[in-house]
Amino acid sequence: MATASEDSESTYEQFLDHVRRLHYVQDAGGVLNWDQQVMMPDAGTPARAKQTSAISTLHHELLTDDDLADWLDELDDADLDPEQAAVVREVRRDHERATKVPADLVERISEASSNALPVWKEAKAEDDFDAFADTLEELVELRREYAAAIDPDRDPYEVLFEEYEPYLGIDTAEDVLTDLRDALVPLIDDIADSDVTLADPFEGTYDDDTQHALVETALDTLGYDWDRGRLDTAPHPFSMGTQFDARVTTRFTPEDPLDALGSTIHEFGHATYTLGLPQEAYGTPLGDNRDLSVHESQSRFWENHVGRSRPFWDFFTETANDHLGTDATAQQFYEAFNEVYDDNLIRVEADELTYHMHIIVRFEIERDLIRGDLDVADVPQVWNDKMEEYLGVRPDTDAEGCLQDIHWTNGSFGYFPTYTLGSVLAAQLDHHARQDIDGFDDHVRAGEFDPIHDWLTENVHQHGARYRTDDLVEEATGETFTAEHFLNYADEKYRTLYDC
């Protein structure tokens, strides 16, 4: 007769096998999404919408399966080790949310999102918000329905936010956004009043092949594993994959090669996190990322605290000059990469400071859309008003305004606050990495990035989703999540650059 311990172990193994199938199906859907944004011909959308809908429905069925519910109940009383308990915690949370959502709603959301992508692309290209309005209305209604299914008595935006950051809480996100707005607006105003003009070493335009070679070299330099990745272009740069296959995309702006370099380093940060997850745990939460705040912290760490640093340009300037045909100094590249723009309309082209004002605009609009406090038809006007209020600039077109981002096309409402939460966490991780790594800047200046990779892998990547976000932050830094390090970093860096 099997002992209770043996029964529990058998239950856990059956449970784990099911969980792995869940992850494999989800990852297959990710590859289809990558293909749609990077490789698929436009006319493939009707079939792709059906395919992704089928994948989403299958994933939902596996996540709400009665056997999974039984295993979770049995494991409640089992003697689990900490890693097993973490797996059960994460799966239970997803299972409990998913069981409240009808399968047909999951299918409708997936199909609507796939169909929305080409509609958004055309509307943006034609600068025609009205052409996208009905699609956006449908996505908003579907996401409201989704939130109500999970918990009809709670703020629907809070419910959706927890899809992307389940543990820090919407109150934390709102507090951080408020703190940054209160601190950054005066800093940005002081910079605008400064007499300092930062260097601009670029003249004319730089073709795609030249820029591609530059960013490819940057990926080589930073340690991107080409055996487990690839570089492509997409209208909106992104990264996706697993610890065995983490791909990055970028895009090229003819007049500004640093735009492509910044977005490539950013996506490299995402990819290196994914590639740093434990391979032996693939298919389980222990081999999965912690969620989007932590994921974004990795991209912003590499983009801002490495790529935008002066030590990086002490190292990379000769390479950049060789590729671009420029004759700039390290200080000139450093200044050009850190210029604060008082007239920038596009989030993904924004500087490190005004970026967060863009996030606040989007956050407030999508929150009000989901809560029913804003009509879709009023989005362009409200968008433009908020841009003028927070950034002092008003879009002339909707393509430069409310149509610029892809995220609403896939129903990702609740996503945007994680961009700022990730930036804040990146600064906190950077502060502690510098305490632990002797000669941090000297390593960067010498092009030695292994110590940074090793520190991030040890303190963040290797844990997967074993810890809650707040617990992971404490494990990595020895303190609770805080915006203090970001605010100190931003104030010191930019007041020095602009002598203000």
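Strand 2 and strand 3 (residues 245–250) run antiparallel and are joined by 4 bridges; strands here are DSSP runs of E with at least two residues, helices are runs of H or I with at least four, and both are numbered from the N terminus. Within this pairing, Gly241 has Ala246 of strand 3 as its bridge partner. The model is a predicted one, in which local features need pLDDT of at least 70 and side-chain atom pairs count only at pLDDT 80 or more, while totals for chains, interfaces and linings use all residues. Residues are numbered from 1 along each chain as its sequence is written, and side-chain values use heavy atoms, with hydrogens and water left out.

The open sheet consists of 3 strands in the order 1-3-2, with mixed pairing (two strands pair if DSSP finds at least two bridges between them). Strand 1 (231–233) and strand 2 (239–242) each have a single partner strand and stand at the edges, so one side of each lacks a neighbour in the sheet. On average, neighbouring strands are turned by 25 degrees against each other, direction ignored. Helix 10 (residues 257–276) packs on this sheet and touches strand 2 and strand 3, contact meaning heavy atoms within 4.5 Å. The direction of helix 10 makes about 170 degrees with that of strand 3; angles run from 0 to 180 degrees between N-to-C directions, and axes are lines fitted to C-alpha atoms, for helices over the stretch in contact.

Turning to a helix pair, helix 8 (residues 170–193) and helix 20 (residues 484–498) pack at about 5 degrees, with their axes 11 Å apart. Helix 8 and helix 20 are therefore roughly parallel to each other, a term for angles under 35 degrees.

Terms used:
Angles under 35 degrees count as roughly parallel, over 145 as roughly antiparallel, 65 to 115 as roughly perpendicular and the rest as oblique.
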